[in-house]
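Subject: The structure I mentioned

Hi,

Here is the structure I wanted to pass on to you. Have it open while you read, and my notes follow below.

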Amino acid sequence: MEYEQEEGMEAFHDQEMQAPTNCCISCHSPSYEDGYSTKLCTECRKKLSQYPIDKKVKIGALLVLAIFIFSLTLLPARMKLGLNYAQALKMMETHHYKSALNLLEPIAQKYSKELEVEIAYTEALLYSSHLPEADSMIQKLSKVSFSDNGLLKKAQQLSDELNHYRLDDEHVTLLDNVEESDPKYIKLLDSCLAKASNNEGLLLTRARYALSQDNYQEYETLGKRLLAIYPHHMLAQKIVLNSYFLQLKYKEAAAYAALILKDSPEDEFAMTMQQKIHAALNSTDGKSSTL
Amino acid sequence: MFFIPSILITILTFPGVVVHELAHQLFCRLFGVAVFEVKYFQVGNPAGYVIHEQPKNPVHQLLISIGPFFLNTILGILIAFPAILPIAQFGEPNMLDYLMIYLGVSIAIHAFPSTGDANSIWQIVVHGENTPLWLKILCFPIVVIIYIGAIGSVIWLDFAYGVGVAVFLPLWIIKLIA
């Protein structure tokens, strides 16, 4: 709050009353500056404008200044970090998981105990196909107690999502006991599939086996079967795309790669396949690409 | 519902009062305006004041009156800005960050000019004989806004302003840029 002289300063009013009217109210010298309602000579005005600042206030002001300078030194790094985090979350909304992951990696390292960051990082890992890393993050999160129901729900969703890419434990134990080259392996795998026909892990293993046997037709069928059960299965999408390419169905492959990239614009596999398809189409030089 | 007396808020946010009065004083010093008394903080109403002569130039009067608004606002934002981000975005509690937020909010809360400041502008700038018309036109809405702010302080508008600029503005800026 500020007051004009008229509203306060009784002492000066008293001085003014006692002093002759045409002189400086402070030093009573006959010369005073014109144009001001308070009659003060130049010297007195200058002196009064330099009204001393209390020592305690000076110390306090220096402390505030020090905090202000400290705050300014923190500002660029923290603003960059905050901005990167906000941008990463925005990128994930548009499925740019790879870019989001690049931004989230240093933040997740710095704030490794912050659940929201951890979950965002896990999501970016999962959807940019870093499945082992996502798995270890889910393991880490499973040991944490959540107080926020929204975060718990999100962590649960990610865990469920990751389960699509896992083989059940009992099947792992069974299949681990047999070599893949052993004819018993495929029989065992098929018998497991007969019991659990919609088991995604088993279907993936079966598709991988078909690929190893160069049975691209079956490879494609299994990929599509997986997609019928779970339409957003990332690996199944890649299986179908790869199967089209391996069967030289370039037009279908190109269309399917474009479809994947529409949903996940930074899908590395789809981008690589797109390049391969273009190269293959160029090399066929106008011949029919669909066999 | 409980009632917190405004004097308690003023005591808790005293750094803002000191900065506000210091800003008035520094603007007086800048324009060579004689200062007769300064009270940086007191428990009472007003919590602080600066008694100075009537400046010759009405623009100086305007700047002396509204100077603390800009100084307190800018200082409050810049002190709290880097501290609020790790707490709001990453939930990482840090004593120094809390101190910076407290200081930033305290300073920003006292950014709003008082009715005394508004009265000064009204008397000298709006009613002044030598005041140019453009300045009178410019000052009229300023005085109205200050009065609204002063009336609004009953419903904690000054508190909301301080928290708004020091806490929510940084987050909004980050969201906007991202």
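Let's start in chain A, where Leu248(A) sits in the loop between α12 (234-246) and α13 (250-263). Bear in mind that this is a predicted model. The phi of Leu248(A) is near 60°, a positive value in a residue other than glycine. Most residues other than glycine have a negative phi, and most peptide bonds are trans. Leu248(A) has 33% relative accessibility, so it counts as partly exposed.

His28(A) also has a positive phi, of about 60°, and is not a glycine. Look for His28(A) in the loop between α1 (10-18) and α2 (42-49) of chain A. With a relative accessible area of 40%, His28(A) is partly exposed.

Pro46(B) belongs to the loop between β1 (35-39) and β2 (49-52) of chain B.

Now, is Glu118(A) buried or exposed? Its relative accessibility is 3%, and because buried means under 20%, Glu118(A) counts as buried. You'll find Glu118(A) in helix α5 (residues 115-127) of chain A. Apart from neighbours within four places in sequence, Glu118(A) touches Ala108(A), Tyr111(A), Ser112(A), Met137(A), Lys140(A) and Leu141(A).

Next, some helix packing. Two packed helices are described by the angle between their axes and the distance between the axes. Inside chain B, helix α3 (residues 58-90) and α7(B) pack at about 55°, with axes 8 Å apart. α3(B) and α7(B) are therefore oblique to each other, and α3(B) passes α7(B) in a right-handed crossing. Among the residues that meet are Phe69(B), Phe81(B) and Leu85(B) from α3(B), and Tyr161(B), Leu169(B) and Pro170(B) from α7(B). The residues of this contact divide into 16 nonpolar, three polar and no charged.

Helix α7 (residues 157-177) of chain B also meets helix α3 (residues 55-93) of chain A: their axes come within 9 Å and cross at roughly 55°. That makes α3(A) oblique to α7(B), and the crossing is right-handed. Here Met79(A), Gly82(A), Leu83(A), Ala86(A) and Lys90(A) meet Ile173(B), Ile174(B), Lys175(B) and Ile177(B). The contact residues are six nonpolar, one polar and two charged.

Finally, an unreviewed UniProt entry places a "transmembrane region" at residues 59-77 of chain A. In the model that span is 100% helix and 0% strand, and its end C-alpha atoms lie 29 Å apart.

Cheers

Methods. Residues are numbered from 1 along each chain as its sequence is written. Chains are lettered from A and ligands numbered from 1 in the order in which they are written. This is a predicted model: local features need pLDDT of at least 70, side-chain atom pairs count only at pLDDT 80 or more; totals for chains, interfaces and linings use all residues. Side-chain values use heavy atoms; hydrogens and water are left out. Axes are lines fitted to C-alpha atoms, for helices over the stretch in contact, and angles run from 0 to 180 degrees between N-to-C directions. Helices (H or I, at least four residues) and strands (E, at least two) are DSSP runs, numbered from the N terminus. Angles under 35 degrees count as roughly parallel, over 145 as roughly antiparallel, 65 to 115 as roughly perpendicular and the rest as oblique. A crossing is left-handed if the near helix is turned anticlockwise from the far one by less than a right angle, and right-handed if clockwise. Contact means heavy atoms within 4.5 Å. Ala, Val, Leu, Ile, Met, Phe, Trp, Tyr, Cys and Pro count as nonpolar, Asp, Glu, Lys and Arg as charged, and the others, Gly among them, as polar. UniProt positions are given in the numbering used here, feature names are shortened, and annotations may be inferred rather than shown by experiment. Buried means under 20% relative accessible area, exposed over 50%, partly exposed in between (1.4 Å probe, protein chains only).
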